[in-house]
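Here is a set of questions and answers on one protein chain. Look at the model first, then read on.

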Amino acid sequence: MNGMAFLVAMRDEGREYPPIGKFVEFQIDTIESGHLTGTGVPGAEHYNPLGVVHGGFAGTLLDLALGHVSITVLDDMAYAVSTTDLTVKYMRSISKDTGKMRWTANVLHAGKTIVMAEASLYDRDRLCATAQSTCFITRRRDV
């Protein structure tokens with residue numbers, strides 16, 4: 001099975017999303033090789049002491065998007081991707097009233113050992129955060 005088939009099965013056949021995805025209500029909508037779109041939902045449980053959503057919400061949602069878009073370019077699920085770096089830029093604050101947010105993720109480079117990707121997070125009509133990552137392709141230990 002390749003990465004595209006793995007993600008389609010996860011989305012369409014009720015396969016479990018990663019457990020951390022539940023915390024940010026991570027969902028995948030569109031799946032194409034090197035491109036994904038999806039959603040996440042901020043809530044009061046994500047608030048920091050100042051009464052806004054902690055930056056870790058956007059960081060987690062975007063890291064999930066980047067990791068999953070990197071999976072789309074795998075030819076064989078005997079391999080996995082592991083994030084080696086993640087850079088997040090924040091443009092505006094998020095609150096529980098923001099509601100469902102949408103994200104897009106794209107692969108910038110897919111080599112034999114490295115995948116570089118970028119992702120963006122939007123509220124209803126504005127860009128709220130962006131991220132870039134590099135993932136290392138490695139053989140899975142659980143197969």
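Predicted model: local features only at pLDDT ≥ 70, side-chain atom pairs only at ≥ 80, totals over all residues.

Q: How many residues lie between E4 and E5 in their hairpin?
A: Strand E4 covers 101-110, and E5 covers residues 114-122. They form a hairpin, and the residues between them number three.

Q: How many bridges join E5 to E6?
A: E6 spans residues 127-139 and runs antiparallel to E5. The number of bridges joining E5 to E6 is nine.

Q: Which residue in the turn between E1 and E2 has a positive phi?
A: E1 and E2 run antiparallel, joined by five bridges. Thr30 stands opposite Thr37 in E2. The two strands form a hairpin with two residues between them, and the turn residue with a positive phi, about 80°, is Gly34.

Q: What is the bridge partner of Gly38 in E4?
A: E2 and E4 are antiparallel partners, with six bridges. For Gly38, the partner in E4 is Trp103.

Q: Which strands stand at the edges of the sheet?
A: Six strands form an open antiparallel sheet in the order E1-E2-E4-E5-E6-E3. Each edge strand has a single partner, so one side of it is left without a neighbour in the sheet; these strands are E1 and E3.

Q: What pattern does the chain follow along the sequence?
A: Helices (H or I, at least four residues) and strands (E, at least two) are DSSP runs, numbered from the N terminus. The chain has three helices and six strands. Read along the sequence, they give α-α-β-β-α-β-β-β-β.

Q: What angle does the direction of H1 make with that of E1?
A: H1 packs on the sheet and touches E1 and E2 (contact means heavy atoms within 4.5 Å). Axes are lines fitted to C-alpha atoms, for helices over the stretch in contact, and angles run from 0 to 180 degrees between N-to-C directions. For H1 and E1 the angle is about 145°.

Q: Which element gives the largest share of the lining of the largest pocket?
A: The largest pocket holds about 420 Å³ of space. On a 1 Å grid over the protein atoms alone, a pocket is an open set of points where a 1.4 Å probe fits, with protein on both sides within 12 Å along at least five of seven lines; lining residues have an atom within 4 Å of a point. Its lining has 21 residues, and among the closest to the centre are Pro18 and His68. The largest share, six residues, comes from H3.

Q: What is the radius of gyration of the chain?
A: The radius is taken over C-alpha atoms, and the globule rule is 2.2 Å times the number of residues to the power 0.38. With 143 residues, a compact globule would have a value near 15 Å, so the chain agrees with the rule at 15 Å.

Methods: Residues numbered from 1 in each chain as written. Heavy atoms only, no water. Points joined across faces, edges and corners; volume = space filled by probe spheres on them. Pairing = 2+ DSSP bridges.
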